[in-house]
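Dear colleague,

I am handing over the structure below, and after it I set out what was found. Please keep it open beside you while you read.

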Amino acid sequence: MKSGYINPIYKLSLNDISKAPAKISYSQWSMFEKCPKQWKLSYIDKLAPFTHSIATCFGTAFHETLQEYLTVMYTESVKAANNLDLRDMLLTCMKMEYKKGVQANNGEHFSTPHELAEHLEDGMAILEWFKKRRAQYFSTKNQELVGIEIELAVPASDSNKNVFWYGFIDVVIRDTVLNKIKVIDIKTSTRGWNKYQKSDKLKAAQLVAYKKFFADQFGTPIDNIDIEFFIVKRKLLEESMFPQKRIQLLNPASGSVTRKKVQRSIDSFIEHCFDNDGNKRIDQIYMALAGRGAKNCKWCPFKTDYENCPKENRIRE
Ligand code: SF4
């Protein structure tokens, strides 16, 4: 689901992205930050291969199901949301995503009925856990839904107005008493984020950037915006001595110092990769940054593509 419910007042500030000469997204920028060569191979040479997996199908389907629950909860009632057939919704979305994936993969299957069923049960376990504790996470008291899958399309840098930041915010809620906005990104994970993922500045930068661009586009004072990762866990630790939560919340630092750092890094990405008209620059050097222990290559689709990314050129630091 792209562009779901949006509060009419906010709808007025939506921009037409088709008029933007160039657009960048968090995934583009973060890819460049890790390895400029991967960005070049993906976005200039357009060589990135098929990347669907059962995890991506589940992720999309889970987002849509939870987002539908929240839409009904805020626009109708909690009761109506609780009466939704979430299993049917999750299963239908998963099947649809899987079908799209198979089509994109030239008809070849990439999962099994067993794996699909396991993900469906995991998803239902999360949703049932969430429904029982829903009020801890989302309340209708003094809170309204600003939107679901809110489209951001706004110039990404003061130094180049032809490159737009483009992305979709999963959920935005407004506290009607404090007039505070909460920008929420839903993450599906197997066991939640560990301490390395929690302290990963590049991961956190997604919401830091969303905060900045939401403020730019909708005119909300930036200090009135909070950010939150809503991380759901498919699996719980077996034999844990303590009760475990299916949902982890993370509120990354997003003060002015952090925001400036993120913006500087976005500015240099744009300066390196785009000319003033928004064209991608093919005259630049895009280094192959494998990183320490080749950690950047681990999930890279060009990992074994030695023709496009020769092993000897990969910089390990
Ligand atoms: S394989 Fe490694 S070095 Fe090459 S593009 Fe991918 S991440 Fe970069």
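**The positive patch and its surroundings**

Helix α11 (residues 256–273) supplies the largest share of the positive patch, namely 3 residues, where helices (H or I, at least four residues) and strands (E, at least two) are DSSP runs numbered from the N terminus. This is a predicted model, in which local features need pLDDT of at least 70 and side-chain atom pairs count only at pLDDT 80 or more, while totals for chains, interfaces and linings use all residues. Residues are numbered from 1 along each chain as its sequence is written, and side-chain values use heavy atoms, with hydrogens and water left out.

The patch lies on the surface and gathers Lys201, Lys260, Lys261 and Arg264; a patch is made of residues with over 30% relative accessible area and no salt bridge, like charges being joined within 9 Å.

A pocket is an open set of points on a 1 Å grid with protein on both sides within 12 Å along at least five of seven lines, lining residues having an atom within 4 Å of a point, whereas a cavity is a set where a 1.4 Å probe fits but cannot get out.

**The cavity**

How many cavities of 30 Å³ or more does a search of the whole structure find? The search finds 1, and the largest cavity holds about 90 Å³ of space. Its lining has 13 residues, of which Cys35, Cys297, Cys300, Cys309 and Arg314 lie nearest its centre.

**Salt bridges**

There are 14 salt bridges in the structure, each being a side-chain nitrogen of Lys or Arg within 4 Å of a carboxyl oxygen of Asp or Glu. One of them joins Lys235 to Glu118, with the closest N and O atoms 2.8 Å apart. This pair links distant parts of the chain, 117 residues apart, since Lys235 is in the loop between β5 (225–233) and β6 (247–250) and Glu118 is in helix α7 (residues 113–132).

With best wishes

Conventions. Patch = residues over 30% accessible without salt bridge, like charges linked within 9 Å, V, L, I, M, F, W, Y side chains within 5 Å. Areas by Shrake-Rupley, 256 points an atom, 1.4 Å probe, with all protein chains shown as cover. Lys, Arg positive; Asp, Glu negative; His and termini not counted. Charge placed at Lys NZ, Arg CZ, Asp CG, Glu CD. Points joined across faces, edges and corners; volume = space filled by probe spheres on them.
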